Amino acid sequence: MAKGKYGEYGGQFIPETLMNAVLEVENAYEHYKNDPDFMKELDDLLANYAGRPSLLYYADKMTKDLGGAKIYLKREDLNHTGSHKINNVMGQVLLAKKMGKTRVIAETGAGQHGVATATVAALMGLECEIYMGKEDTDRQALNVFRMELLGAKVHAVTSGTQTLKDAVNETMREWTSRMEDTYYVLGSVMGPHPFPMIVRDFQKIIGKEIKSQILEEEGKLPDAIIACVGGGSNAMGAFYEFISDTTVRLIGCEAAGLGVDHPKNAATMANGRVGIFHGMKSYFCQDEYGQIAPVYSISAGLDYPGIGPEHAMLSDTGRADYVPVTDEEAVDAFEYLSRMEGIIPAIESAHAVAYVRKLAPTMEKDKIIVINISGRGDKDVAAIARYKGVKIYE
Amino acid sequence: MSRIAEVFSSGKAFIPFVTAGDPNLLITEQLILAMEQAGADLIELGIPFSDPVAEGIVIQKADARALASNTTTDKIFDMVAKVRKKTNIPLAFMTYMNPIFAYGSELFISKAAECGIDAVIVPDLPFEEKGELDSICKSYEVDLISLIAPTSRERISTIAGDADGFIYCVSSLGVTGVRSEITTDIGEMISYVKEVKDIPCAIGFGISTPEQAKNMSQYGDGVIVGSAIVKIVEQYGQDSIKPVYEYVKQMKAALEK
């Protein structure tokens, strides 16, 4: 496959001004990924700072309640900063530091990637600025304060739909104006090459751990791995190790908002077409003239009109399936997992839980499902209360 | 000689940019004719995009206004075909990859050629990715314009060696927009181009005053001005024909001094 391509997808569709900066990242990554000292430093940070490996927990009550396949939860919510985002950020910020950069910038949707970036920047002594859609700074106010507490400057992006895609636009614009000392920590398996590859490589630890943990526990591979998909980093991280294990179904759950046929949704695979945007060829929600659609989801982290190029390829080849999950189903699952297992998942991860509530009962009891609980739901409590019309003091 | 080659054959070229459909396509058509009368040598027409990542706030807002007035790629083709009957001025489309790809790249370029477009500028299509669109452009005799930036350095000779029409020299880091000062060594950038190929170089990004235009023109073969004109359109809307005419006339005069 050509460099940076996943089938026909991927590529480097960015302004010429950024090309050398992107090539510099690519060269640095190709060097450091083969540097045992770099990898040792990263592994040490992941173990002793981020808290890896994360648990693979057997959800006994949920399994019995649904009455079908055995359900395991991969507890990425237990990582430091509360989501899988730290895996990628740890790798990229360490890379930035090795490259001699003194400042990192990043986009964020729900705020989880921004919080992780602010955290690792604080740890490594780098300046940090985060771009976040104005609508998201409102619905995830707690995460804005967390980032500021960690020493980051948060810019509320007021252009376009004021959500994740606009935050990406603005971070790209900022990087175009300042590359010399600045590294763009892209938060998902998207954007121009080498980012989809780098983010996938730093996230694939999720699937590696799942494989060794489930083999230890059950002595066999799982039958299905379920993860939510926005840009798709936690899903790619969970799937990647299993791509050649064709007995393992890989299922990504995308945000269908008010319904997959309702105008307000963010289900890229269900409703999108192939396009070229944000540096990559992939699927995007767009109109007939290629204008990017103003998507919607209750989940700020899944509220994105595109999907990473490797997911586009996995979908085309049929290796992975992508299914839509509505706001309502996700909120129900958010409450369900909280009460059933005492685990409050991120509203993003709740999309995966929602699908498993439908899938598990259709499978035999000796089958195994792993759900990637990509993050914890503390950040969402206020928004869920609002959704349910409950007035709480925020 | 092609229309693009003629642009640079007599003196320094002045290349204004407007977003098609801002505030509507009737005004865009009149702006094209007025800018030609005022001395423009080539006109860049922006096809609005929902997410123009290379643009500063002025052109972002123009794109939003154009889309809000229901401007579409098809309506722009119709407008260009109409205006082409009234003028022979070279015209270039400036837009992003997705509007071209979504239309069907070959269909887009063939229609552009048919309605009288001479060149296309695609800011999110770097050298590494241009192959497919470039071969379509060549078969329809539309120039795919290459961009070089202050960060391009050793890439310049590769890009220039394979360039058609003219080279768009990005004067500054960052996105489009008016700048009080341009600090890049443009002369050096352009000398790298000329070492490889005898191709005209037009300088854009940040230029707004006659003094800047005059100053930049000593390095290149032409100057491109976008945001400063789009600001006038933003301010005067339907009544922007005359002020844009006056502005272009003043800028062209500065280049002829």
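Predicted model: local features only at pLDDT ≥ 70, side-chain atom pairs only at ≥ 80, totals over all residues.
Start in the loop of chain A between helix 2 (36-50) and strand 3 (56-58), where you'll find A:Pro53. A cis peptide bond links A:Arg52 to A:Pro53, with omega at about -5 degrees. Another cis bond joins A:His193 and A:Pro194, and there omega is about 15 degrees. A:Pro194 sits in the loop between strand 8 (182-184) and helix 9 (195-203) of chain A. Why point these out? Most peptide bonds are trans, and most residues other than glycine have a negative phi.

That brings us to chain B. B:Asn70 isn't a glycine, yet its phi is positive, about 60 degrees. You can find B:Asn70 in the loop between helix 3 and helix 4 (73-84) of chain B, and B:Asn70 counts as exposed because its relative accessibility is 51% and the cut-off is over 50%. B:Glu141 also has a positive phi without being a glycine, at about 55 degrees. Its loop runs between helix 7 (131-139) and strand 5 of chain B, and B:Glu141 is exposed, with a relative accessible area of 71%.

**Helix 8 of chain A**

**A few residues up close**

A:Gln92 belongs to helix 4 (residues 85-98) of chain A. Is A:Gln92 buried or exposed? It is buried, with a relative accessible area of 0%. Leaving aside neighbours within four places in sequence, A:Gln92 is in contact with several residues, including A:Tyr183, A:Tyr184, A:Phe195 and A:Phe202.

A:Asp138 is in helix 6 (residues 134-139) of chain A, and at 48% relative accessibility it counts as partly exposed.

Over in chain B, B:Lys194 lies in helix 9 (residues 186-196) and is partly exposed, with a relative accessible area of 33%. Beyond its neighbours within four places in sequence, B:Lys194 is in contact with B:Ile199, B:Pro200, B:Cys201 and B:Asp221. B:Ser157 is 37 residues away from B:Lys194 in sequence, and their C-alpha atoms are 8.9 Å apart.

**Where the chains meet**

How do the two chains touch? In all, 38 residues of chain B are in contact with 32 residues of chain A. The area buried between them is about 2800 Å², with carbon and sulfur atoms giving 53% of it. On the chain B side, B:Asp51, B:Val53 and B:Glu129 lose the most area to chain A, together 20% of what that side buries.

**Empty spaces**

Rolling a probe the size of a water molecule over the atoms shows where empty space is left. A search of the whole structure turns up four cavities of 30 Å³ or more. Here are two of them, along with the largest pocket.

| Space | Volume | Lining by class |
|---|---|---|
| Largest pocket | about 490 Å³ | nine nonpolar, nine polar, eight charged |
| Largest cavity | about 420 Å³ | 22 nonpolar, ten polar, four charged |
| Second largest cavity | about 350 Å³ | nine nonpolar, 17 polar, four charged |

The pocket is lined by 26 residues, and those nearest its centre are A:Gly160, A:Lys165, B:Ser50, B:Asp51 and B:Ala64. Helix 3 of chain B gives the most to this lining, with six residues.

For the largest cavity, strand 5 of chain B provides the largest share of the lining, four residues. Helix 1 (16-32) of chain A is one of the elements that supply at least two residues to that lining.

The second largest cavity has 30 lining residues, with A:His84, A:Lys85, A:Ser233, A:Gly301 and A:Glu348 nearest its centre. Helix 8 of chain A shows up again here, as one of the elements giving two or more residues to the lining.

How values were computed
Residues numbered from 1 in each chain as written. Chains lettered and ligands numbered in written order. Heavy atoms only, no water. Buried < 20%, exposed > 50% of the residue type's maximum accessible area, 1.4 Å probe, protein only. 1 Å grid on protein atoms, 1.4 Å probe; cavity = no way out; pocket = protein on both sides within 12 Å on 5 of 7 lines; lining within 4 Å. Points joined across faces, edges and corners; volume = space filled by probe spheres on them. Nonpolar A, V, L, I, M, F, W, Y, C, P; charged D, E, K, R; others polar. Contact = heavy atoms within 4.5 Å. Buried area = accessible area lost by both parts, 1.4 Å probe.
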